[in-house]
Amino acid sequence: ERHMIELTVNGRRHRLDVPGDAPLLHVLRNDLALRGPKYGCGLGECGACAVLIEGRVARACAVSCAAAEGRPIVTLEGLAADGRLDPVQEAFIVEQGAQCGYCLNGMIITIRALLNATPAPDEAAIRHALRYSLCRCGTHVEILRAARRACG
Ligand code: FES
């Protein structure tokens with residue numbers, strides 16, 4: 001059933017006429033043209049669609065718009081909202097932590113959420129945070145290097 005939903009994304013409020021059970025990912029990408037979050041599995045398993053909700057990592061394909069209503073949402077675009085890249089984004093560029101790059105949204109959002117909760121996470125905490133973020137290219141060595149740089 002469609003009704004007006006109010007979402008706060010990257011500091012801006014949006015009133016949207018969408019079904020309350022629509023996945024947040026679809027609304028971010030299709031209605032708000034925010035293409036940082038990627039569609040991977042659509043099942044909450046790969047992490048490509050990750051966003052921050054109230055500063056914590058959430059899988060936008062598995063969160064309904066109704067569940068996200070009234071809670072601050074930040075996408076990859078929002079990390080650089082002031083025109084300057086987040087240090088996590090900079091670390092991934094410096095370390096070239098990508099092959100195809102499709103998973104990087106999830107990797108960067110996950111490390112940002114980790115840093116929000118834990119200022120100086122150790123190697124075990126970094127690996128634990130990334131455990132459900134899949135990279136099908138096998139670029140894990142570079143991704144871990146970038147994550148360490150961001151957390152160091
Ligand atoms: Fe959401 Fe894979 S697309 S977890």
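In which loop is Gln96 found? Gln96 sits in the loop between α4 (87-94) and α5 (104-117), where helices (H or I, at least four residues) and strands (E, at least two) are DSSP runs numbered from the N terminus.

Before going further, a word on the model: it is predicted, so local features need pLDDT of at least 70 and side-chain atom pairs count only at pLDDT 80 or more, while totals for chains, interfaces and linings use all residues. Residues are numbered from 1 along each chain as its sequence is written.

The protein has two parts, domain 1 (2-79) and domain 2 (87-151), with bounds from an automatic or database domain assignment. Their centres, taken over C-alpha atoms, are 21 Å apart. Where they meet, 14 residues of domain 1 are in contact with 14 residues of domain 2; contact means that C-beta atoms, placed from the backbone, lie within 7 Å. On the domain 1 side, β3 (50-53), β4 (56-59) and α3 (76-79) each give two or more residues. The most come from β3, with three residues.

Now for two residues with positive phi, neither of them a glycine. Glu54 lies in the loop between β3 and β4, and its phi is about 50 degrees. For Gln96, phi is near 50 degrees. Both are exposed (12 or fewer other C-beta atoms within 10 Å, with C-beta atoms placed from the backbone), as the table shows.

| Residue | Other C-beta atoms within 10 Å |
|---|---|
| Glu54 | 11 atoms, exposed |
| Gln96 | 11 atoms, exposed |

Conventions: Two residues are in contact if their C-beta atoms, placed from the backbone, lie within 7 Å. A residue is buried if 20 or more other C-beta atoms lie within 10 Å of its own, exposed if 12 or fewer, and partly exposed in between; C-beta atoms are placed from the backbone.
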